[in-house]
Every structure is written in C-alpha cells, then in structure tokens.
Amino acid sequence: MPYGYTGKILHVDLTTGKMHVEQPQPDFYRRYMGGSAMGLHYLLRDMRAGTDPLGADNVLALFNGLLTGTAISGQSRMTSVAKSPLTGCIGDSQGGGFFPAELKFAGFDGIVLRGQSPRPVYLWIKDGEFELRDASHLWGRITGDVEDALHAELDDNRVEVLQIGPAGENLVRYAAIMSMSNRANGRTGLGAVMGSKKLKAIAVRGTHKPEVADKASLMELTKWGAKMVPTSDVAGLGKYGTAEVVSGQHQAGGLPTRNFTSGSFDDWEKIDGTTLYDTRLKGAENGQQDRFGRDTCYSCAVRCKRVSEVAEGPYKTDHRYGGPEYETLATFGSYCAIDDLDAIIRANALCNMYGMDTISCGATIAWAMECFEKGRIGLEDTGGLTIRYGDAAMMVKLTEMIGKREGFGALLAEGSAQAAKIIGRGTDEFLITSKGQEAPAHMPQVKRSLALVYAANPFGADHQSSEHDPSYKSYPERMAQIGLDKPQEQLALNEEIVRYAMVTQHLYSALDSINVCQFVFGPAWQLYDTVQLAQAASAVTGWNITVPELLEVGERRLNMMRAFNAREGIGRESGALPKKFMKHPLGGGKSDGYVIDSKQFEEALNTYYRLCEWDSVTGYPTPAKLNSLGLGWLVVNGKKAPAKSATGKRPARVKVAAGRSAAAKKIVRKKPVVKTAAAKKPAAKKVVAKQKPIARKPIAKAKSASKPKPAARKPVVKAKAAAARRPAARKTAAKSKPAARKR
Ligand code: SF4
C-alpha cells in the first residue's frame with residue numbers, strides 16, 4: 001500500500017446489499033492519484049454507454065485524495081463522479097469539510113456505489129467496518145435534522161455525515177450531495193443519483209491517520225502555509241470568503257446581472273463580501289465574526305467558509321446552514337437583480353437544507369424571470385405566480401418550491417435547459433447553459449479563455465476547471481512553473497490564450513484528482529504554488545512526483561471524461577455557447593458592448609482541439625492520445641460501445657448520435673491495464689463482508705476482513721498539534737449546538 005492512502009476501496013451494491021473491499025496495486029494509485037480520476041476508472045470500466053443516470057446501472061463513485069487526512073491546509077476534499085442526470089454527460093463535483101478526512105481515518109480511499117436499494121438506507125462505516133442500515137425514519141427530512149438524528153442514533157457527535165436532502169430524494173436534476181449541512185458536492189446533479197439509489201446518507205467515523213513517507217518535509221510545508229496565510233493572497237479569502245470578489249467582478253464589468261444581460265450591478269455593495277462580513281456573520285454584532293463567523297475544512301488554516309445568520313424576519317436563518325459563496329450571491333442576487341442580502345442568505349440555506357446546487361438553482365430562477373419579463377412564459381405556465389426581476393420573496397419561494405418539486409418548481413427542478421425544451425416558445429434564447437448545465441458567475445465576455453472552457457469542459461460550464469485570464473499577467477513566476485511564459489492582454493483570444501486555457505485546465509484537472517482545494521493549491525494566487533504541490537505529494541507518498549507528472553495526471557483525467565462522453569455520442573457539437581453570449585452585447589458598466597465574436601471563438605476552439613490532440617470534427621479523444629496517456633484499455637478498434645444499459649432502457653435526456661464517427665466507435669470499454677488486487681480474484685472471493693439484513697445492531701459486531709492494523713498506523717501529527725490547528729469556529733459551533741460535531 002502506498003504511503004498516504006489506506007489502500008482500500010469499498011464497493012457497495014445497493015440492490016443486493018452486498019459489499020466488498022478492493023485493495024488496488026500501487027500503480028493504480030500512481031496513475032490516478034485519487035479523486036475524480038480514480039472514480040472515472042470505475043465508471044469507464046463498469047458502466048455501459050446509454051445507462052440511465054437515474055437507473056440502477058449508474059455508478060456513483062466517491063473518492064478522497066492523496067493528501068487527505070494529513071495536517072496540511074486544503075486537503076480534505078471529496079470528489080463524486082457518475083453519469084449526470086442534468087446533462088447526460090459525465091458528472092463531476094468536488095466538496096470539502098470534514099467528511100473526506102474522516103473517510104480516510106475510517107480506512108477508505110473511496111466508495112463505489114452501484115444498484116438501487118428497494119428502500120431508503122444509510123451506509124455506516126467505522127474504522128474499516130461497514131453496514132447498510134434502514135433510513136426510512138430519515139427519508140423526507142432536511143439535512144440538519146438528519147445530521148442530528150444520526151449523531152444521536154450513533155451516539156457520537158464526531159460522526160461525519162454525507163447525505164442528500166429532500167431535493168435528492170425528489171430527483172431534482174441539480175440536487176447536491178451535502179456534508180455538515182452546508183458543504184456541497186453541488187454541480188451536475190449527483191445528489192439525484194444518490195436519491196435514485198435510495199441512499200440517504202453515509203456516516204463515517206475513524207481514528208487512523210494516514211502514514212506519511214517524509215513527515216519532516218510535509219510538516220515544513222504545513223507550517224510554512226499556516227504562517228503565510230495572513231500575509232498571502234488568500235488572506236482576503238479567509239476574512240471575506242469568496243464573497244470578497246463581488247466588488248472586483250462588478251468593477252471589471254464581470255458580475256452577471258439580470259441573467260447575463262449586463263456585467264454591472266448597481267446595488268452590488270448590498271450583497272458584497274464586506275457587507276456580509278460586517279453585518280451578517282455570526283458574532284458581527286460584537287465584532288467577533290473572525291471567531292464565530294468563519295468556518296473551515298479539516299485542518300485548513302485559511303478558514304474561508306461563512307457562518308451567517310438572520311435572527312428574525314421573513315428570512316430568519318439558522319447559522320448551521322453556513323453562508324453564501326460568491327456564486328450564490330451572484331446567482332440569487334445580481335442574476336435576479338436582487339439586493340436583499342437576507343433573502344439570499346435564506347435561499348442559500350434552503351439549498352443546503354434541501355440539498356441543491358445554488359448555481360443551477362439561482363440561474364434557473366433568473367432564466368424564468370427573464371422569460372416572464374419578456375412574455376415568453378405567463379401566469380398559465382407558472383401556476384399564477386408573477387416572476388419578475390428584483391422580487392426577493394418570489395425568489396425565495398421558488399427555491400423552496402424547487403426543493404419540494406411543487407407546482408412551477410417541479411418544472412424548474414428539471415433545470416433551465418430541459419424546462420426550455422418543455423415550454424418552447426423561444427425560451428431557449430435566454431438560456432445560459434453549456435451541455436445543459438447553468439453557467440457559473442464568471443463571464444466569458446470579460447474573461448475570454450472561459451468561453452473555451454465553458455464550451456469544451458466535459459461536464460458543462462465550470463469556473464473551477466482552469467485559471468482565469470487576469471492571472472496570466474499577474475502571476476508570471478508561478479505561471480512559468482507550468483510552462484506559461486507569454487502573458488497576454490485582457491480580452492485576447494489568440495493561440496497563446498488557448499494554450500493557457502488548456503494547460504491550466506490540465507493543472508486544475510490534476511487538482512481534482514489529487515483532490516486538493518483550489519483556493520489553497522494552484523498556479524496563481526493560491527497559498528501553495530504548483531512546485532509546492534508536487535513537493536507535498538512527494539513527501540506524503542515517497543514518490544518523486546514532478547510538475548510534468550501532475551499535468552499528465554490532469555490530462556489523463558480530462559481524456560477519461562471525454563472518452564466517457566464519446567461513448568455516449570457526445571462530442572464537440574455539444575459545446576455550443578449560450579446564444580446570449582454571441583448575440584446580445586452586454587449593457588452598462590465597464591463591459592458595456594462586450595460580446596463574443598462567433599468567428600473568433602470557432603477559430604480558437606479549432607486551435608484548442610488541435611492542441612489537445614483530439615479529433616477536430618467530433619471532439620473525441622483519438623486512440624493515439626488515449627494510448628499516450630496509458631488509457632489504451634479504452635480503445636478497441638472495430639467494436640462499438642454497448643448502446644443500452646443492462647436494464648435495457650435508454651435515458652430520455654441523453655443525446656445519442658445517430659451515426660457515430662469512426663473515432664467514437666473506437667472508444668469502448670476494455671479491461672484496464674491498471675491491475676487491481678480485486679481484479680485478479682474471482683468475484684466470490686472479493687466479498688469480505690457478508691450481506692446482512694438491515695438491522696440496528698452495533699457496528700462493532702459486524703464482521704469484516706478489512707479491519708485496519710492499529711499498530712501500523714501511527715498518527716502523522718501528534719494529537720495535540722492537530723487539535724491546536726482546529727479553528728475556534730468549530731469549537732464554538734459545538735458549544736452552541738450540543739448535537740453538532742465537536743472539534
Ligand atoms: S480554503 Fe476554504 S474551502 Fe478550501 S479547504 Fe480551506 S476552508 Fe475549505
């Protein structure tokens with residue numbers, strides 16, 4: 001087993017209740033490193049093309065990362081991957097908190113979930129042992145209630161809970177997977193996949209820290225980072241959260257307003273990070289918000305998470321549901337022309353209670369507002385609701401209706417792209433989506449490389465899949481570490497900017513595989529640069545990991561995603577940008593008149609596909625490219641990918657090309673070259689935990705062959721040091737709510 005990992009992956013078949021532990025070989029870990037790439041390995045190996053995203057055959061894989069559970073900042077991350085019910089493409093989403101580290105302490109690098117349970121269940125994992133338990137009493141309940149109920153039931157406030165809310169149960173297409181009742185694996189609707197499997201929650205508790213190869217080097221980096229936080233570029237992020245960027249986005253003309261009609265919001269100061277910090281963070285009334293109003297992820301010194309509260313009034317909100325990020329302030333705020341911060345905090349909390357992606361939820365409401373304003377939908381569509389820009393009460397009402405799939409909310413729960421298809425009447429003119437996913441709050445009209453990434457990213461428009469344009473000029477030394485040494489002017493969309501988009505996309509793809517926080521590790525303003533990331537990864541594993549190797553891991557993961565989409569017949573044609581970006585110049589503010597030139601964009605896209613070495617017509621990864629990345633097992637000449645799932649159903653919303661290109665036909669499943677210990681054994685021998693009836697018996701009685709070896713697992717950091725790093729906010733939360741976790 002490589003250092004840093006547990007060496008164990010838990011496989012769960014929810015249809016049969018059977019579970020087994022796989023122990024992959026070291027080459028598996030070196031090739032994928034963790035997170036997204038590891039999960040993709042199982043999706044590509046085990047799932048047929050054409051699988052229904054909400055059917056039993058969809059595989060939902062959850063993986064932590066290489067650094068997870070060590071003491072360095074920014075390491076407690078969990079990636080979920082599955083086929084997306086929102087887009088029909090690969091689905092991928094990251095989240096932080098304490099669950100990812102706790103899963104590693106409990107003995108697992110990841111969990112692979114298949115099948116569908118006949119009734120609601122939760123998975124309980126404690127120090128290498130595991131069982132499925134009945135969750136009928138939790139079904140239908142909001143996240144905070146479920147967390148409290150599981151803490152009481154398991155008699156341990158330190159149990160970490162990953163769960164879905166009612167939105168996941170209701171198969172809202174952009175339902176999130178939640179932890180701590182305020183952290184979300186938000187994008188691409190994977191909460192609905194968990195809901196379709198009738199898996200309400202995963203509760204974990206563990207006591208075994210990962211072993212580290214070079215403790216001294218990792219500790220040196222850890223201490224350096226903690227010391228640098230107050231004077232580094234992440235100091236503002238820690239104090240004001242991601243909400244800090246509202247101001248800068250507005251000044252640059254890049255704050256999406258009225259559904260991307262403008263990049264400038266007159267009332268931006270009312271929803272800015274400073275206003276949030278000064279007036280709504282817990283403790284603000286006494287100037288104690290740094291102590292009570294900031295939260296963190298496991299062992300992270302940055303502490304960027306918000307703890308906001310609204311004490312009274314129609315938007316009264318419990319602080320346990322966290323506080324809005326920049327994206328949330330924009331989607332529920334400027335997208336909808338709403339300047340009521342309390343209403344936005346309430347909408348954010350509703351998303352966390354019901355388990356929904358705030359970006360897709362707010363953006364879908366903003367789309368409905370524009371449709372209503374322009375007369376494309378009316379009272380007969382909305383069930384009598386008047387839906388106008390600036391109506392905070394209506395925005396909050398719709399958010400709750402979506403979570404419950406009530407009335408017009410049921411249509412909006414499909415996502416704006418699908419709702420536009422259902423309604424028709426030209427409502428697609430106002431969509432701000434790529435591959436059916438609502439765009440985040442960064443404007444390609446202002447940051448041109450994002451036009452490429454929004455179009456070409458395998459899981460739809462995303463703002464955390466590449467570095468944004470201004471950083472090329474602002475961080476030349478750090479950019480040079482990844483071979484980017486020709487900074488370009490703002491608004492350029494030339495070959496060098498295309499290369500910038502691609503290379504930083506590879507790096508961000510690696511970050512999601514190693515599974516680290518992109519606010520802590522990255523190529524520009526982050527706490528640690530790319531060389532330091534390679535040093536940290538080397539210190540943990542004992543491998544000599546270089547920056548080029550990191551970039552290759554990222555490129556491999558990106559090609560795996562493209563291969564997944566290609567099997568579904570989804571390629572370049574699926575990456576059309578929203579019509580508004582090309583046809584409607586922005587109005588007002590610094591970006592007044594900005595529009596994407598369609599000819600220049602298409603030329604840049606051609607360059608992008610050429611540099612990526614993908615088929616320029618279809619956008620599929622070529623066999624040569626896959627082979628060069630050690631993904632030859634995805635290439636079988638002359639064979640077609642299975643067109644139907646084992647259930648025989650083709651998903652209603654998945655676009656399947658009528659006639660695939662030769663390249664698409666070559667991308668099919670084959671046995672991977674990466675060998676796993678489990679793959680060598682007959683299936684029967686892989687089952688180390690017998691299927692058990694779902695019963696409320698103590699976990700300690702469960703039999704498992706995967707019991708950890710306590711003697712071999714000494715904590716990397718002494719308990720005292722680790723405790724000292726835990727922020728006051730966590731301790732305070734525990735004090736104010738007896739049922740909450742104690743840290
Ligand atoms: S920077 Fe923020 S989101 Fe990232 S690990 Fe630290 S607290 Fe969590």
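1. In strand E5, Gln94 is the bridge partner of Thr79. Strands, labelled E (at least two residues), and helices, labelled H or I (at least four residues), are DSSP runs numbered from the N terminus. Residues are numbered from 1 along each chain as its sequence is written. The model is predicted, and local features need pLDDT of at least 70, side-chain atom pairs count only at pLDDT 80 or more, and totals for chains, interfaces and linings use all residues.

2. E4 (residues 78-83) and E5 run antiparallel and are joined by six bridges; two strands pair if DSSP finds at least two bridges between them. Strands of a sheet pair through backbone hydrogen bonds, either parallel or antiparallel.

3. The open sheet has six strands in the order E2-E1-E6-E3-E4-E5, with mixed pairing. Strands E2 (19-22) and E5 (90-95) stand at the edges with a single partner strand each, so one side of each is left without a neighbour in the sheet.

4. Around the ligand there are 13 residues, of which Cys297, Cys300, Val302, Cys304 and Cys517 come nearest. A residue is near a molecule or strand if its C-beta atom, placed from the backbone, lies within 6 Å of it. The shell around the ligand comprises seven nonpolar, four polar and two charged residues. Ala, Val, Leu, Ile, Met, Phe, Trp, Tyr, Cys and Pro count as nonpolar, Asp, Glu, Lys and Arg as charged, and the others, Gly among them, as polar.

5. In H19, Ala451, Leu452, Ala455 and Ala456 meet Phe601, Ala604, Leu605 and Tyr608 in H26; contact requires C-beta atoms, placed from the backbone, within 7 Å. The residues of this contact of H19 with H26 are eight nonpolar, no polar and no charged.

How values were computed. Contact = placed C-beta atoms within 7 Å.
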